[in-house]
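These notes are meant for a colleague who is opening this structure for the first time. Please keep the sequence and the 3D view side by side while reading the points below.

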Amino acid sequence: MAEDQLTVREIEAARIFEQGKENTLRSGKPLPIVFVPGVMGSRMRLVAHNELWDPDSKKNLIGWSMRSAERAAELLSVHTGMAEILSDPIAWDKDLEKIWRAVDPNGDRGFYGRQRGWGGVSQGYYYEILKALELAFNSGAYAPGEHPVYAFGYDWRRTVSNGATLLARRIRHVLDKHGVDKVVLVTHSMGGLVARYACAPAGCGVANLVKGVVHVVQPCNGAVVAYRRFVEGLGNEKATGLEGKIFAGILGGTWWGYTMIMSGTEGPLQLMPNQVYEGWLTGPSGQVVPAAEVYGQYLDGGPRSVVPELPVADLQTLLEERFGDSPDALTRASEARLIQLDDEWNGRFPEFHEMRLRADRARAARALGRWDAYRATLRSGVACAQALHRMLAGYAHPRTFMLYAAGMPTETAYRWDLPSGRRAVPVAGGGDGTVPIVSAQGLDAGVSGQWAGAGPPRLALAEDVGAHEHSTCFVPDVNQRVVRRIQALRLLP
């Protein structure tokens with residue numbers, strides 16, 4: 001077909017599109033844009049511990065990477081306290097100065113950081129997309145403030161449903177503030193799950209308050225790496241260089257360190273491959289584990305689960321790292337002294353050696369008790385993840401655009417029938433380095449069906465944006481694709 005010819009369906013879509021364009025231009029209503037970041041992409045203070053989680057501070061991240069897994073697990077656990085999203089003023093380009101001065105007569109230097117919420121999300125990852133949206137829709141042909149751009153930081157440790165409840169509240173607040181009836185949502189990664197739950201009828205049910213959604217690199221059906229880290233640790237991340245080593249350190253480094261930290265963070269557990277992601281997991285005999293059985297695999301307590309018993313070798317390592325130490329300082333000191341003296345005397349005093357053995361057994365019992373507590377918490381978190389994905393069940397807002405990235409080496413399968421060290425199977429061009437393309441495309445069929453041929457002509461509803469890495473995907477080309485889709489949503493009825 002010639003480039004300038006349209007199909008019957010495209011002609012009908014164009015007619016609907018032009019009708020909506022005419023109605024929208026006549027109304028002149030503002031259309032706020034709300035950006036929802038991915039996991040670990042919000043800046044927050046852990047209130048009970050007065051500790052910061054700030055992905056924009058290298059010093060802060062290095063500090064997290066140097067903590068023991070046990071201490072990091074305690075700090076990051078949702079069971080030890082709430083988080084407060086930061087609202088610090090941020091630095092912005094001169095390009096935004098004119099918009100700011102036109103919209104905010106009070107001259108508040110914290111306008112973007114506090115009033116618009118940009119200070120609650122990572123500037124390193126998200127400033128460029130926020131800036132691109134602000135300039136595209138609040139300058140040039142548009143009046144300043146016509147499409148105010150907000151960022152929604154949330155506690156990524158908590159469940160998707162928790163974030164969605166707060167997002168729904170934020171949407172209503174923005175609508176009330178501007179006196180309008182709809183927003184547009186732009187999401188990154190896990191933020192896509194949060195937005196879908198917020199819109200879903202069985203979730204928060206705010207789809208009628210959302211004109212449309214643009215999802216970017218959403219792990220619709222999960223990511224294999226989220227499982228691999230439970231059973232192998234983060235050796236693959238360490239091998240990528242200094243930043244990878246810092247990232248691995250933050251998440252515990254070893255498989256058991258990762259397990260400790262993840263046990264108290266409910267949201268990340270909801271990013272493991274779900275019950276409709278077929279073909280990624282192979283058992284020790286070479287048989288593919290059916291997707292419908294994957295949560296049973298996660299929870300069966302065996303060595304291939306995410307809640308295994310602690311092997312003896314790893315128990316010994318943890319004891320050497322003081323995982324079994326008593327919380328009582330006097331007991332802790334006396335046990336350490338017993339062990340030191342018995343080692344120096346090489347067990348020559350039987351009664352003293354027996355005291356040391358009793359101390360060793362007490363330390364091992366405490367370590368195993370703590371490990372079982374982590375396992376119990378994980379079981380609850382994984383069950384919650386299963387319930388989430390059953391509820392979402394492929395749901396997408398009726399006007400959804402999907403952008404995803406292939407072209408990067410990505411772990412797309414895990415095979416227990418292969419030797420240790422080779423079980424995580426990377427595929428060149430298999431995804432964005434984190435999310436396999438097959439998972440990112442998990443909503444494509446449903447999205448196409450929702451539009452039912454009434455989408456904007458010559459604008460892909462789902463599109464591969466090329467070889468971009470998951471966490472740093474908001475480059476100028478991708479940002480412009482987001483802008484074009486919001487332009488289309490703005491002009492639809």
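1. Helices (H or I, at least four residues) and strands (E, at least two) are DSSP runs that are numbered from the N terminus. This is a predicted model, in which local features need pLDDT of at least 70 and side-chain atom pairs count only at pLDDT 80 or more, while totals for chains, interfaces and linings use all residues. Residues are numbered from 1 along each chain as its sequence is written, and side-chain values use heavy atoms, with hydrogens and water left out.

2. The protein chain holds 20 helices and 12 strands. Its radius of gyration (taken over C-alpha atoms) is 25 Å, close to the 23 Å that the globule rule (2.2 Å times the number of residues to the power 0.38) gives for 493 residues, so the chain is as compact as a globular protein of that length. Along the principal axes, the C-alpha trace spans about 95 × 60 × 40 Å. Of the 493 residues, 53% count as buried, where buried means under 20% relative accessible area, exposed over 50% and partly exposed in between (1.4 Å probe, protein chains only).

3. Which residues lie closest to the centre of the largest pocket? The largest pocket has a volume of about 1500 Å³, and of its 50 lining residues the closest to the centre are Arg229, Phe247, Thr434, Glu469 and Ser471. A pocket here is an open set of points on a 1 Å grid over the protein atoms alone, where a 1.4 Å probe fits, with protein on both sides within 12 Å along at least five of seven lines; lining residues have an atom within 4 Å of a point. Grid points are joined across faces, edges and corners, and a volume is the space filled by probe spheres set on the points.

4. The largest share of that lining, 5 residues, comes from α11. By class, the lining of the largest pocket has 26 nonpolar, 16 polar and 8 charged residues, with Ala, Val, Leu, Ile, Met, Phe, Trp, Tyr, Cys and Pro counted as nonpolar, Asp, Glu, Lys and Arg as charged, and the others, Gly among them, as polar.

5. The second largest pocket, with a volume of about 330 Å³, is lined by 24 residues, and those nearest its centre are Ile85, Phe152, Gly153, Tyr154 and Arg170. Helix α7 gives the largest share of this lining, 5 residues, and the classes are 9 nonpolar, 8 polar and 7 charged.

6. The whole structure contains 24 aromatic pairs, a pair being two rings of Phe, Tyr or Trp (its six-membered ring) whose centres lie within 6.5 Å, with planes under 30 degrees apart counted as stacked, over 60 as edge-to-face and the rest as tilted. Phe35 and Phe474 form an edge-to-face pair, at 5.7 Å centre to centre and with 75° between the planes. This pair links distant parts of the chain, 439 residues apart, with Phe35 in strand β1 and Phe474 in the loop between β12 and α20; both residues are buried.

7. Asn50 lies in the loop between β2 (44–46) and β3 (51–53). Although Asn50 is not a glycine, it has a positive phi of about 50°, and it is exposed, with a relative accessible area of 55%. Arg322, likewise not a glycine, has a positive phi of about 70° and is placed in the loop between α15 and α16.
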